[in-house]
Amino acid sequence: MNLTRWSARLPGTQRRSAVPAARGKAGDPMPGGIGTAAGDGAPDSDGHPPPAVPADATPASEKSVRGVLSRLPALIAVTRGPAHRVRFVNDAYTEVFGPRTTGTPARDALPELDELGLLPLMDQVHRSGKPRTVKARKVTQGSPAGPGTPARQGYFTFTCTPVHHGDPDPENRGVLVFGADVTDQVQSAERLRESERRLHDTAVTLQRSLLPQELEQPDDLRVAATYQPGGTDAAVGGDWYDVITLGAGRTALVIGDVMGRGVRAAAVMGQLRTAVRAYARLDLPPHEVIQLLDELAAEIDATQIATCVYAVHDPSEGRLHYASAGHLPILIRDPDGTVHCVEEPTGPPLGTGGWIHTSGTVPLGPGCTAVLYTDGLIERRDQDIDEGVAALTRALAGATGAPQVICDRLLRSLGVTSEHDDDVAVLVLQYPEHTGSDAELFRNASLDLLGGIEAAPRARAFASGVLASWRFPNELRDLGVLAASELVANSLKHGVPPMRLRLRRTDRRLIIEVTDGDEHLPRRRRAEPGDEAGRGISIIATIATGWGSRRTPGGGKAVWCEFALPT
């Protein structure tokens, strides 16, 4: 940077003659410039030396440049030589850092440059002749109000530019340090980042508010879930999950993913989750729930694609019944550590219509673990999704412990961090093996009913014996026997074989269930004083904590009731 030649263009400066100007070339040291000693110079075109200049004289051009630089609001300092001896600092510089002495090395005279890490940069500029820049360095500024007034902090971007870099003498080469105040820009950027952070936190809060605040904990399953929002933007995702206790010890588990991000995806997700809970209360088979969701999704927004898997675990059968709408396969880990995918049947995503969904079933007995998840856990841009499923399978094979521990381990194994670019939802359920004292709290007993007049007394005797062996109090045992008698009588009157009475106890409740081959579900009705029938279900609804009925997968129905055990 040739400051002397630049100064010739500034208002109020003396313009040099054409001969000296022509003699110099870009990068050559100029006589009397800020970056050279006063009086240095080369002979003119006739070989005559330049006129002598007193040591304390300052050329008019340099005075003009100094005047202009002194009035600039940017911080400016000019040094010369490898030691970076200070030649000039402007008024803005002294206002920030205080008065500075010229003629001494910058390390001593301008210690702030060392603190800002600029001295090594100035060395590079002096050697290479190439400018260097550091951005947004924090600077503590002295207060103009004087000592005792709190100092204020600002941010400056510093550019180090070579001066006379073409001069062969290192002592004549210099560096101009230019500091631009970027405090407003830095503070604006910080405010923008803070605003984006608040928006992102708000979006995550919205997303989490649409998810279960606390998972229902079934008697027979241990369940945990985790949700990891993707990216740092303010767009919410459409990943969701839920756990719904159905009664009679059965549990519904659901996980889904509405494609895309934003409020619209979150709204669709919220509506689907609410609908699933409503449909689950009807105790429908999984494929019927998916069928209803498919129709609802088309009504909500036909352009919004969503996937979902709905599963029901029945501890009495030790099986998982499920249906999938375009979702990723459930993974099941057997007690021996073997992991397999539940792949069939799978229909198209929700909202496509025109597809008849079907249910599948898979064993899920004591000691098994199942994992439901969304594509953010396994999908990567640089690999096929099947490779992601294989990686998750390997991770699950080595993941042991409680469900929440498995959730965390799977996220770590698949490399999911806070910087992950897609939402991730994981739902883990375990059907534990009950041993020791737990085995006394979880018991099953069943009796096949052949029909006939002897079926009812046999059922009462069986229920009374089982409940006595489970050491229930007399009052609860009597209520249980009465409920079993009414359920069996209802099945004998309205059902068809095969019939079965099943009793089950957990650590929280007693469950009594009767199945038969007829698909007509009973309903509670008001019996008139003269009616000889119609009071059985009303009696059960009165004495039991809860009751319900459902159609069974193989045809027929199940009617059940349950009693909460005293704590």
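1. Arg250 and Asp314 are both buried, a term that stands for under 20% relative accessible area, with exposed meaning over 50% and partly exposed the range in between (1.4 Å probe, protein chains only). The two residues form a salt bridge in which the closest N and O atoms are 3.9 Å apart, a salt bridge being a side-chain nitrogen of Lys or Arg within 4 Å of a carboxyl oxygen of Asp or Glu. Because Arg250 lies in strand S8 (residues 250–258) and Asp314 in strand S9 (residues 306–314), the pair ties together parts that are 64 residues apart in sequence. Helices (H or I, at least four residues) and strands (E, at least two) are DSSP runs numbered from the N terminus.

2. This is a predicted model, in which local features need pLDDT of at least 70 and side-chain atom pairs count only at pLDDT 80 or more, while totals for chains, interfaces and linings use all residues. Residues are numbered from 1 along each chain as its sequence is written, and side-chain values use heavy atoms, with hydrogens and water left out.

3. The pair of the opening point belongs to a network of salt bridges that links Arg250, Asp283, Asp314, Arg502, Glu513 and Arg550. Across the whole structure, a search finds 22 salt bridges.

4. Another salt bridge joins Asp219 and Arg509, with 2.5 Å between the closest N and O atoms. This pair links distant parts of the chain, 290 residues apart, since Asp219 sits in the loop between helix H8 (183–210) and strand S6 (222–228) and Arg509 in strand S19 (residues 509–516). Asp219 counts as buried at 12% relative accessibility, whereas Arg509 is partly exposed, its relative accessible area being 23%.

5. Arg273, in helix H9 (residues 263–281), counts as buried because its relative accessibility is 16%. Leaving aside residues up to four places away in sequence, Arg273 touches Leu210, Leu211, Pro212, Trp240, Tyr241 and Asp242, where contact means heavy atoms within 4.5 Å.

6. Gln153 has its place in strand S4 (residues 152–163) and is partly exposed, with a relative accessible area of 44%. Gln153 and Gln141 are 12 residues apart in sequence, yet their C-alpha atoms are 5.7 Å apart in space; Gln141 is also among the residues that Gln153 touches, together with Lys138, Val139 and Thr140, when residues up to four places away in sequence are not counted.

7. For the protein overall, there are 16 helices and 21 strands, and 48% of the 567 residues count as buried. Of the contacts with a separation of 6 or more, 63% are between residues 24 or more positions apart.
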